[in-house]
Amino acid sequence: MTQQTYIGKPINRLDGLDKVTGKAKYAAEFDTPNLLHGYVVNSTIAKGKIKKINTQDALGLPGVIKVFTHENRPKLAWFDMSYKDQDAPPGSPFRPLRDAKIRYSAQPIALVIAETFELARYAASLVTVEYEEMAHQSDLEANRHRARKPASGMASLLKPPPPKPKGNFEAAFAAAPLQVTGEYVHAVEHHNPMEMFATTVVYEKGRNKSGGKYTVYDKTQGVTNSILYAAQVFDIPFKDIRVISPYVGGGFGSGLRPQYQLFMAMMAARELKRSVKVVLTRQQMFSFGHRPATIQTVALGASAEGDMTALYHSAVGETSQFEDYTEIVVNYGGMLYPPENVTLDHQIVSLDVNTPLDMRAPGGVTGISALECAVDELAFKAGIDPVEFRLKNYTDRDPLADLPYSSKELRECFRQGAERFGWLKRNPEPRSMRDGHNLIGWGMATGIWEASQAAARAEAVLLVNGKLRVSSATADIGTGTYTIMTQIAADTLGMPLEDVTFKLGDTDMPAAPIEGGSWTAATVGTAVKTVCEELAKKLFKLARKMPDSPFASVSFNEVVFVNKMIQLKKDSLMAVALQSVVDSNGGAAVRQISTGLPNMLKQRKYTRSAHSAVFAEVTVDEDLGTVRVTRIVSAVAAGRILNPKTARSQILGGMVWGIGKALEEESVIDHQFGRFMNHSLAEYHVAVNADVHDLDVIFVDEHDDIVNPLGVKGLGEIGLVGVPAAIANAVFHATGKRIRQLPITLDKLL
Amino acid sequence: MNSFAYTRADGVTHAVSERADEPTAAFVAGGTNLIDLMKENVARPTRLIDINRLPLATITDTENGGLRLGALVTNADTAYNKKVAKNYPLLSEAILAGASAQLRNMATDGGNLMQRTRCYYFYDLATPCNKREPGSGCSAINGFNRIHAILGTGTPTGEVQCIATHPSDMCVALAALEATVRVTGPDGDRTIPFAEFHRLPGDTPQLDNTLEAGELITAIDLPANGFSKNYAYLKLRDRASYAFALVSVAAALELEGNTITDARIALGGVAHKPWRRPEVEAMLHGKSVGNDVFQTVADALLDGAQGYGHNTFKLELAKRAIVRALSQAAKLN
């Protein structure tokens, strides 16, 4: 009998049934007797000081327990270091209720604690605040003259600043027969996952130093991040606190940093020695991090034949007054294209806004959306088809780092994507294709995203009933982590899927880093594979010691794990069931904890990236400016695809996001108030079903044994990166208008 | 959100008298807008008078050949009602262009008339708003006014006080169809022509409509002519569904051959109420259908329009939308 394997198969999402039947519990849904509810009051001004905060009306309501403000908040950790989290940029992290100072509009300034949520919310409406207002700055364009280099810190390791100039851009550009220059302006966006941020702290009395034990149900993309923050800020030893987050209703980066509801719920629980729940409202989802507004300039030069010779890409992004948020925006042109003369620059401007926060394909989708439009423009100027132009300027090495790619099947992405889309039938002339009032446009773009890997730990236990339980304190933000980790574990130990359980999201489990940057499949996947391999060795040792073991004189290399058995490779009849192995372990489960580490020595010799080619079709009403994205084909080369079904879903999600980013998403700040005004899902537009038409995903075969032992590159970002540029290029092809401001709303096309 | 009391009304008279006893109470039916406003602390009724059990949920024929839409018929049931869909397709299409399927299942026809503006500032207590708090100022005039009005914002003193729009799609069609609103109040029953139901902001922008204190909408009467042959509802918005109109146009024509004998044009998304100019519509009478005459009418309809920055594009967009809608109604394309 051949062993069934699972990696590469379209396995249904293992947590799907629990999610659609309501069995899966999210942070706000955990309950405990005598639970108190907190409601946050946010500032109405962008900059200044609280002169007076009146809480007596709120406190006068029966059932209101306490109102925390900067005046009565408990003593907390003193140093910034204690407030730093795994995704903290250089600077001084925001501390809720620290002092009377208002640093941005909608800053949390009080927490009302009451017996019910409704009462807390009502009481919060009775809290009045007198401010001393100061003039604020929230307009990036008006403040771009203050742009400066960001400070560097730990975050710079993952987000290195642009490299030094190469060659002589000015001279090469001036000499280039073909030139394009453009300024690209992108709006602020908010993550807006479906699940509201929430923390439920279940408190148990105790005589320990921290006053008891805390079980914290938190919405987060990393329980390890939450526990470090809570333990340090509130001076609670790790043994007295546990953070649990089994399900996350969407993250997109918003959960990469502990949000203020965690601080608020922990503070109240510790002070009141009660269990406390704090849930944010949709409006409050606009009161923390966001994708920064950016202004970019791209200038490209090429020979008359269309060979790129000069590349300039600069970006100015916004940040807060207290942290230097950065992202990699401008490096990608240097990685994708061969010009010898390259200048890249990234600067930031401090404004009276909250610190921006990594949001799906942070930096990447921003930079690529500008760069790939500029490349399209250059191809058009050269009179060369956009795909041909990219093939002409293709690089097998990363020119920026001067390293080979560990693998790069982008050429194949172009080929397969173009074929599926029918690209050859494209008339290159803008405004050449129409259907009644509608102009039809076809555009394409390249996508790229780093294939990263970090260290993570995992535990594997062969239970006394012969089943396997694997765990790691990672997160599944809807990407399919539960499913793919179960597949990896099942294949590594030769077990059927139904005998394997993967658990995550609990700080009692071995540590894993925050789930972001498309690195979880590689990072936790490697840990799971490693721990299962090491458990296999342990089981083999036990099997050898069993009475009459067929493996007495056999080495580990001579056996395989299949069908819940350890089998001799050359004689499948020589086998021991895993159940017998665990039975022989004196009635105890067999347990292994291991660390999966990136092989830096191997990896550092290569640039490791996923790539994509995106083809989009739009219709644009010539008179009315309305844009519809009628088709998108995305051909993705991202190494090994562990599960084509969950993988496809991730890419589809990225494509839908790309439609929203290209045409709809914009958090509008009113500079009169320095405040985001469209803070609801009715007015902040993400793509809805009616905006989404034919989406087609192709996974191009790509073998890579350098990125990690599984050969996976991650899919969280690559599905989005090239989509907005492909749509913008299609809009150009339809209308002849080059719109360099996202989102492309209909008024820009009138 | 405020604490509030709750009464379930068991008849129209009961509902009206409850409201008369407590002027700070509010009627609630589908609640799709009121509950949101309460959560945001914009609406603070001391009591909700639940009218969902009143016998106002049927669609019946009227004596003069029209239809009577009970105030509690849901938007979805109205849009999909066979007689409405056949004789008043303009109304069906307008309803289905609004909100989402889930909201249309809850929202009632009476409530649709009563929904309040979607002005960002009206919803955010941190900012001044003359509609929410008369005299506090209008933040939208110098602020983010993409979805705001370009018509009918004048005041007796000349100082613009409010540039909010009425957000309904259904009401734009009802305005074009010249429906009648039936209400019951402490002083008895009366009817209000649709054109007089909603009002322009003037210097009392807190008032959306001409209902007297304590009046309850019981029905909306549609006249016999539903313009079912030559009509169009065109809605332009920032995404294909679940977005309020930047500009919408309800166009209805009576044609004899190519000659226009009657015309109705109502605009949404451009004013504090569905925007109509009967004297401009009359310019079409006796004319042959054609884009030139439609353009003339579009220009006239936008006469006096003023942009405030973010919404200035609506001046041109509205004209193009009118031409397109009329040309669709005339089946020119």
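In this predicted model, the C-alpha centres of domain 1 and domain 2 of chain B lie 36 Å apart. Domain 1 of chain B covers residues 5-53, and domain 2 covers residues 230-329. The secondary structure of chain B amounts to 13 helices and eleven strands.

The overall dimensions of chain B can be checked against a simple expectation. A compact globule of 333 residues would have a radius of gyration near 20 Å, and chain B, at 19 Å, agrees with this. Along the principal axes, the C-alpha trace of chain B spans about 60 × 50 × 35 Å. Of the 333 residues in chain B, 52% are buried. When contacts with a separation of 6 or more are considered in chain B, 65% of them join residues 24 or more positions apart.

Pro193(B) belongs to strand S7 (residues 188-193) of chain B. Is Pro193(B) buried or exposed? Pro193(B) counts as exposed, because it has 11 C-beta neighbours inside 10 Å, and the cut-off for an exposed residue is 12 or fewer.

Chain A can be described in the same terms. Its secondary structure holds 19 helices and 31 strands. For 750 residues, the radius of gyration of a compact globule would be near 27 Å; chain A has 27 Å, in agreement. A box of roughly 80 × 80 × 50 Å, taken along the principal axes, is filled by the C-alpha atoms of chain A. Buried residues account for 59% of the 750 residues in chain A. Among contacts in chain A with a separation of 6 or more, 82% are between residues 24 or more positions apart.

Which residues of H12(A) are buried? They are Leu410(A), Cys413(A), Phe414(A), Gln416(A), Gly417(A), Ala418(A) and Phe421(A). An α-helix has 3.6 residues a turn, so residues three or four places apart point the same way. The cover over the buried residues of H12(A) includes helix H11 (386-392) and strands S18 (438-450), S26 (609-621), S27 (627-637) and S30 (694-699) of chain A. After H12(A) comes Gly422(A), with a positive phi near 85 degrees.

Nonpolar side chains tend to be buried together in soluble globular proteins. The largest nonpolar core here has 345 residues, and the members touching the most other members are Val112(A), Ala489(A), Val636(A), Ile727(A), Leu90(B) and Ile322(B). Helix H14 (residues 520-545) of chain A gives the largest share of this core, 13 residues. Beyond its neighbours within four places in sequence, Val112(A) is in contact with residues including Gly38(A), Tyr39(A), Val41(A), Ala58(A), Ala120(A) and Val127(A).

Finally, the two chains meet. How many residues does each chain bring to the contact? Chain A provides 28 residues and chain B provides 27 residues. On the side of chain A that touches chain B, the largest share, four residues, comes from helix H3 (residues 117-126) of chain A. The residues on this side of chain A comprise eleven nonpolar, eight polar and nine charged.

Notes. Residues numbered from 1 in each chain as written. Chains lettered and ligands numbered in written order. Predicted model: local features only at pLDDT ≥ 70, side-chain atom pairs only at ≥ 80, totals over all residues. Contact = placed C-beta atoms within 7 Å. Helix = DSSP H or I, 4+ residues; strand = E, 2+ residues; numbered from the N terminus. Nonpolar A, V, L, I, M, F, W, Y, C, P; charged D, E, K, R; others polar. Domains from an automatic or database assignment. Rg over C-alpha atoms; globule rule 2.2 N^0.38 Å. Buried ≥ 20, exposed ≤ 12 C-beta atoms within 10 Å, placed from the backbone. Core = buried A, V, L, I, M, F, W, Y, C linked by C-beta atoms within 7 Å.
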